Amino acid sequence: MAVPALFKTLQASPLGSTISQSTWMFPTIETVHVIAVASVIGTIAVVDLRLIGVASNKRPASALIHEFLPWTWAAFALAVVSGGLLFTSRAADYMAIQPFVAKFAIMALAAVNMLVFHLTTEKRIAAWDQGRPAIGARIAGGLSLLLWSAIVVCGRQVGFSL
Amino acid sequence: MNNFLDAVGATPLSQLLQNVSWLIPLIQSAHILALSLVFVSAAVVDLRILGVAGGKQTLPSLTQRFLPWVGWGVLVLLVSGLLLMVAEPRRALLNPLFQIKMAALLAAAATTWLIAARAADARGGWADPERRGVAKLVALGSLLLWLVIIALGRWIAYGP
């Protein structure tokens, strides 16, 4: 697959080459990325496990969503910034490997899954908020756990593909 | 020590892990997923004690809900971590960062156990943690220890 010139320019930019030539910058940013990703996955899992009826079943699902999702979005922002910096250091190389592209394709699916949940099942949350989750909630929670696990697998595979 | 590490590296299990290229990344992925659950579960309790989040719920209700996930999660981390060590015996055991990581893990386990025990103690426990300086210190220590453990885990890959 041909890599557009934009990514080669990014990789050769002062920011990109500074990160790739430093001995400590990449591991340090990577550490921030791992902590951010762990926070994203962990907080999403708390909500997903409630949606499939495995954990926090005595808490209203709506309360969990309101308590945890702001942390998810804050951690996601940190993951995007740290991931963006890592990407800049070897942009053209990353774009040429399959697990990297697959990771973002799966993230798009996770986004669609989340949107469908917010626009459909969550609108009728009052009907199942206190008790057994609706079938739509269980499907959304199960899919989310599966997709985010696949994103981690792809992300880890990226490190072995360069 | 070197003879022992070479012997571990020569076992059929180690050979299998080294020769099937997708096994190590997959075990590492399981390790990351488990640490995500452990870190967030511990952080929920720590942030409640520190008064940053979860103020509507009592500390005992949160420790009962979330700390079992820390215990079971650490078990998954130990098993997956042990497999990774069998796969590459020289990578971790001789690395000082790994040794510090294990010491930090012991300390984090101690803080988790202390928080669980004090929250469960109805008389003089930490049911009202905002007013307890010691509780906040332990919670802050727990949070920092888990962050250090994750950071060291990543730096082992770049270690001496």
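Visitor: In chain B, what share of the contacts with a separation of 6 or more joins residues 24 or more positions apart?

Guide: Heads-up: this is a predicted model, in which local features need pLDDT of at least 70, side-chain atom pairs count only at pLDDT 80 or more, and totals for chains, interfaces and linings use all residues. Two residues are in contact if their C-beta atoms, placed from the backbone, lie within 7 Å. Take the contacts in chain B with a separation of 6 or more, and the share from residues 24 or more positions apart is 79%.

Visitor: And in chain A, what percentage of contacts between residues at least 6 apart join residues at least 24 apart?

Guide: Chains are lettered from A and ligands numbered from 1 in the order in which they are written, and residues are numbered from 1 along each chain as its sequence is written. For chain A we again take contacts between residues at least 6 apart in sequence, and the part joining residues at least 24 apart is 80%.

Visitor: How many helices does chain B have?

Guide: Helices (H or I, at least four residues) and strands (E, at least two) are DSSP runs, numbered from the N terminus. From the N terminus on, chain B reads α-α-α-α-α-α-α. Its strand count is 0, and its helix count is 7.

Visitor: What percentage of chain B is buried?

Guide: A residue is buried if 20 or more other C-beta atoms lie within 10 Å of its own, exposed if 12 or fewer, and partly exposed in between, with C-beta atoms placed from the backbone. Chain A has 162 residues, of which 34% are buried. Chain B has 160 residues, and the buried part is 36%.

Visitor: Are α3(B) and α7(B) roughly parallel or roughly antiparallel?

Guide: Axes are lines fitted to C-alpha atoms, for helices over the stretch in contact, and angles run from 0 to 180 degrees between N-to-C directions. The axes of α3(B) (residues 23-49) and α7(B) (residues 133-155) come within 9 Å and cross at roughly 160°. Angles under 35 degrees count as roughly parallel, over 145 as roughly antiparallel, 65 to 115 as roughly perpendicular and the rest as oblique. That crossing angle is why we call α3(B) and α7(B) roughly antiparallel.

Visitor: How many nonpolar residues make the contact of α3(B) with α7(B)?

Guide: On α3(B), the contact residues include B:L35, B:F39 and B:A42, while B:L143 and B:W146 are among them on α7(B). Ala, Val, Leu, Ile, Met, Phe, Trp, Tyr, Cys and Pro count as nonpolar, Asp, Glu, Lys and Arg as charged, and the others, Gly among them, as polar. Sorted like that, this contact of α3(B) with α7(B) has 2 charged, 1 polar and, for nonpolar, 10.

Visitor: Which element gives the largest share of the side of chain B that touches chain A?

Guide: The contact takes 20 residues from chain A and 19 residues from chain B. On the chain B side, the elements that give two or more residues are α3 and α7. The largest share, 11 residues, comes from α3(B).

Visitor: Which element of chain B has the highest mean pLDDT?

Guide: pLDDT is the predictor's confidence in each residue, from 0 to 100. Chain B averages 91, with 94% of its residues at 70 or more. Among its elements, helix α5 (residues 89-92) has the lowest mean at 86, and the highest, 96, belongs to α3(B).
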